[in-house]
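This briefing is for a reader new to the structure. Please look through the sequence and the model first; the notes follow.

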Amino acid sequence: MDSAPHQTAAGEIPVLRLAGISKYFPGVIANEAVDLDVRPGEILALLGENGAGKSTLMNVVTGIYRPDAGEIIVDGYGVSFATPHDAIRSGIGMVHQHFKLVPAFTVAENIHLGWDETPRRITRDILETRTKALSEQFGIPVRPSATVADLSAGEQQKVEILRVLSRKARLLILDEPTAVLTPDEARDLFRALRAFREKGNAVIIISHKLDEVMDISDRVSVLRGGRNAGTFETRDCSPPMLAATMVGREIVRRDLRARRPDAKPVSENPVISLVNAGVRDSRGVMSLRDVTLALHGGEILGVAGVAGSGQKELTGLLTGLCTPAQGEVLIDGQKAPAGAAAFAEAGIGHIPQDRLHSALAPSLGIADNMALREYRQAPVGGDGMYRSDEAADLAKEIVEVADVKIPDLATPIRNLSGGNQQRLVARREIRIAQKALVAAYPGRGLDIGAVATMHRYFSELRDAGAGVVVISEDLEELLNLSDRIAVLCAGRLMAVLPAQSADIDTIGMLMGGRTAPDDATDHAADHQAGEG
Amino acid sequence: MAHWQRFPTAPAHLVFLWRMAAVLTTAVITAIALAISGRNPFELAELVGRSAIGSRFGLEDLALFMTPLILTGSAVTITRRIGLWNIGAEGQFYLGAAGAAAVGLYVPGPSLLVVPLMAIAAMLCGMAWILIPTLARAYAAVSEIITTLLLNFVAALLVYWLVTGPWRDRVTGALVSTQHIHAAIPEMWGVVHYGFPAALLVACGVSVLLGRTSWGYEVRISGANPGAAEYAGMPMRRRIISVMLLSGALAALAGMFEVAGTVHRLQGGMANNFGYLGIVVAVLARGSCLAVIPAALLMAFILDAGIVMQTQQLAATTVLAITGLVLMLIAAGDELAHYRPVRTTPPAGTIERNVSA
Amino acid sequence: MQRRKPVSKENGIFSGTDLRIGRRLFTAGAASGLLLPRTGRAAARLAPVAEEDALIAFGHTGPVTDGGWTTAHDLGVQAVRRTFPKLRSVYVESIPYSADATRIFRQFVAEGAQMVICTSGYGDFIKDVADRAPDVAFMECNGLAVTDNLAWYYITHWYASYVIGMVAGLITKTNRLGFVGTFPIPSVYASVNATLLGAQSVNPACTMQSIAINSWFDPQAATQAALALADSGCDFLCGITDEPAYLRVAEQRGIKAAMWNLSMRAFGPKAYVSGVVLDFSHFYVEQVRARLAGTWTARPQFLTLGHGVDRDPWGETVPREAAARADEMRDRILAGYNPFRGPIYDNSGKLRVPSGQVMTDFDIYRWDWGVRGMTGLG
């Protein structure tokens, strides 16, 4: 921290006060009874795991959602925002994680888009001159004539911020602002935010990066499960304490690791291993790098991390959907063949995150969907044929094992409940998972019974000697079910810990990007070395 | 107490009944419109019935209309199965006609040898014509709707240039036409040539290809959900390419049949909207290759009825209006087929509901 | 679904590119030997038909409201209806040049027509039907084939063009004439060549600039073509389009114009010189009468000057002496004189018709080259 927080008098009126804000969606409590103050001249960090309710709360503050209960008080007056415009008029501006700019327009045009102060006569020159003036006024350098599509993420963010500030925002809300920035750009951003704060304005910065929060904020509010779990002066906080607050203490440690007596032991050699593997995303950025990880037969490996830390890329590497841009993927110690089909043939099943859109053809019947993994081999396939009666038999078999009640096999699979779809996908994948099963967020959107069924499936598969990877945002699930837990943060594998003895605070720290003390971890590299 | 409830699936027999009702309703609405404009709808209906299905001429015409419609309808349908639209059947029809004409004009020999060569040349030309949209779709995600559509105009002008330029009729001086092409698909029943049963066989073949081969399975999955195809490691790009090329070849085959079976010349304007009508046929067939056959029959009947009505001094645009009405009512019928009456269960009826579930 | 290649734009996606070149163009089908009436055997006669049992079918290439070609034919149809009130007649407009034409002609036959007259050349499409319906008389305007029951007819519009061309040659000051053409086809060659030869007969310095607009009905394109011709120094415009766009241009620019199909005097009375006007009434009435009487035979027929085709009465601004000189030629033609006599050179300088030879109507009917001084077609 390079500057002291702005001191606020006790009686000073908060820029924004939220009193008992609640917001419910069907079946979900997004926010409940959230109280929050934002004082002039401070930077407040809003910390929380994915799904903790940060985005919903900010959408309420910026007029996108209307709260189901509670009050929004701006400068001491209760307000009610019918539209985002009302919020902007009250001086609240938000920079979203995904920018809301028109890529084909210039910076100047984007600044003036949908703004009642935009002059009636708009020539290129007028807009660019005005933009230049605004840029100087707020100390945010932008190139008015540049087309937004040609700008880097950092430059686009500056345009967004300038757009918000030019509308006379006194409270600036930034959603994960550093996620798309280089370290240099992040430093520039923080400098600009501090300058903004010095003028008596306020900032809310949404983040789950502990270091960043410690660096920039004056106070921290931690959201957990839609509720405010506490607001602290940053100088009183430490990363472990924030991590613990963020992750929570309500986790019930149970051991679901019990093996059947006849269960196969953990295999000597890994079934899949990643060696210094990395993945490049469509923009060319390494979104996962230097991951060295081994999955053994007969174990369940949990993968923890806040959303977007590289889970998708890791899943891709383990299932053949992504080709490694760096390092390599080995199956049974041999270089893995290319392509998802080859991985499936090698005995690696995959329950993807979004089953309806990734693992199923929603409009097709159950039989066609159940043949997805076995249509190449006899009896369904072979000789270039597709035998629909054999596919129906296969589907019947899967339906029976999955214990799902269906009207008939021709029913479009989208008409089944989410739980039944998940069961069918799981059973279909388990059928082919001779070596391993990779399950991404298997419990998402399911009720408790369906989640328990999934866990039972995984245990059975583990007992049968296959390796199971479970990627989840539910720490409780991971801690209770898996043998080891790998923690991802920002595209890196932070550590792999034995689940039974893993410390929740440590996991929280690792998820937040802090390296945990060495003795607490079973380092991935060590693990690899031990196998080599 | 019973009420209507929408079910996610529509049983085939209900779809059939509702579609029959839609066609019937179209007939009734058309009759009313004709009656209002001072004509005798019964006389017209009788004439249409007699001319289109009650006479040898009419039946021959139906078959001749159906032949290209089945092929262009199949061409559009198979691209629908992979989630694409081939709007360019008209252009591929032209190219097929041109390719067939090239062989017919310049390769001497008996029909038995030349006609198969014409078919091969036609299909190659059709595939070549859809190649650029195909590659643009597969490798650059360029909308095939626009590219295939625009190439129609190029194809039409290309054929026009051929028949007024290098291939113009130097024998009889016929304009915008090549000379008579002697290699011909033999006639089997009046003017109906063997292209008609061939088109029926092609539709059945395509249906088998899509329903009974792993290639067809991959096409169906790719069309229903590209994400699932990627997940299963299907070679989507290759499937897109093969489907679009096949589609181009089918439309081109329609052009070849028209040249070698019906017109016996390559002429400007000969595609006659068969490519565009293939889209209508595909929409009516709802993605089923076998259903293309009855859909083509319905379309052929409408076109035939249109010709009868024109000779009864009704404008050709009447046909357009009737086609639109049929499409709209059939779409409505397809939706209504999802509804079935459900008995509002009194407490005692619980058992019954369980049984039906 | 509209089956023809639509001309109108509101058909949207189904319209495709309009490649229908139109009426007199499509003349597929006959070897040149068929041009002449058959000799050596008597053409078969068809059985007579009572007027009240008769059905005469007309197939038009455009809409009867086109104000030009098809309207001219429709006036003939109306004359037939007036003359034979008990007879039934039907027509279909805008028949495309495709297998649909065959279907429509077959439908005429199926409905019991004893005579089918199509006002444009449909080549094989009509011949196929005629061959399978030997009891029905078929007539094709601007056709080529003649069989036992299929004949063609056409108007010798080139004589009227020649007469009008003479006035053009006499009144032009720039010696540059302009022609708003449609397609490079014989009837257009005949029209442009005849006009230019007429002009050169009185003013050998005359040249003709032609522009093909690739449409029979496109006022926009015709206007642009006319403006371009006027700008390049032409002070007399003629053409073969179905609407009066270039006459309006001539009126605005203070130059002269001659039209065709029907009198279009009202659209530019000052600029109007004359027009090639068509009248099929008498011809159609006589053909129908012959068919009813059972005396109709299949033979090619030309409607000659003064009998179905003529120049319109001269415009108000045409000098009397120029008109008189042209009318003198008209009288000679009516008396049997053929002005299309050698030497005639083509526009590459090649002698096509040697001195002492004349071009017959059949030669002119298949004219496919431009005469000396003509530029711009084909």
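What percentage of the 357 residues of chain B count as buried? The share is 52%, where buried stands for 20 or more other C-beta atoms within 10 Å of the residue's own, with C-beta atoms placed from the backbone. The model is predicted: local features need pLDDT of at least 70, side-chain atom pairs count only at pLDDT 80 or more, and totals for chains, interfaces and linings use all residues. Residues are numbered from 1 along each chain as its sequence is written, while chains are lettered from A and ligands numbered from 1 in the order in which they are written.

**Chain B as a whole**

- Chain B holds 14 helices and four strands; these are DSSP runs numbered from the N terminus, helices being H or I with at least four residues and strands E with at least two.
- Its radius of gyration, taken over C-alpha atoms, is 23 Å, close to the 21 Å that the globule rule gives for 357 residues, so chain B is as compact as a globular protein of that length. The rule is 2.2 Å times the number of residues to the power 0.38.
- Along the principal axes, the C-alpha atoms of chain B fill a box of roughly 85 × 60 × 35 Å.
- Of the contacts in chain B between residues at least 6 apart in sequence, 76% join residues at least 24 apart. A contact means that the C-beta atoms of two residues, placed from the backbone, lie within 7 Å.

**Two helices of chain B**

- Helix H3 (residues 56-81) and helix H11 (residues 274-285) of chain B pack at about 60 degrees, with axes 7 Å apart. Axes are lines fitted to C-alpha atoms over the stretch in contact, and angles run from 0 to 180 degrees between N-to-C directions.
- Residues making the contact include Leu69(B) and Val76(B) of H3(B), and Leu277(B) and Val281(B) of H11(B).

**Between chains**

- Among the two pairs of chains that touch, the most contacts are between chains B and C.
- Chains A and C share no contact, and their closest C-alpha atoms lie 30 Å apart.

Methods:
Buried ≥ 20, exposed ≤ 12 C-beta atoms within 10 Å, placed from the backbone.
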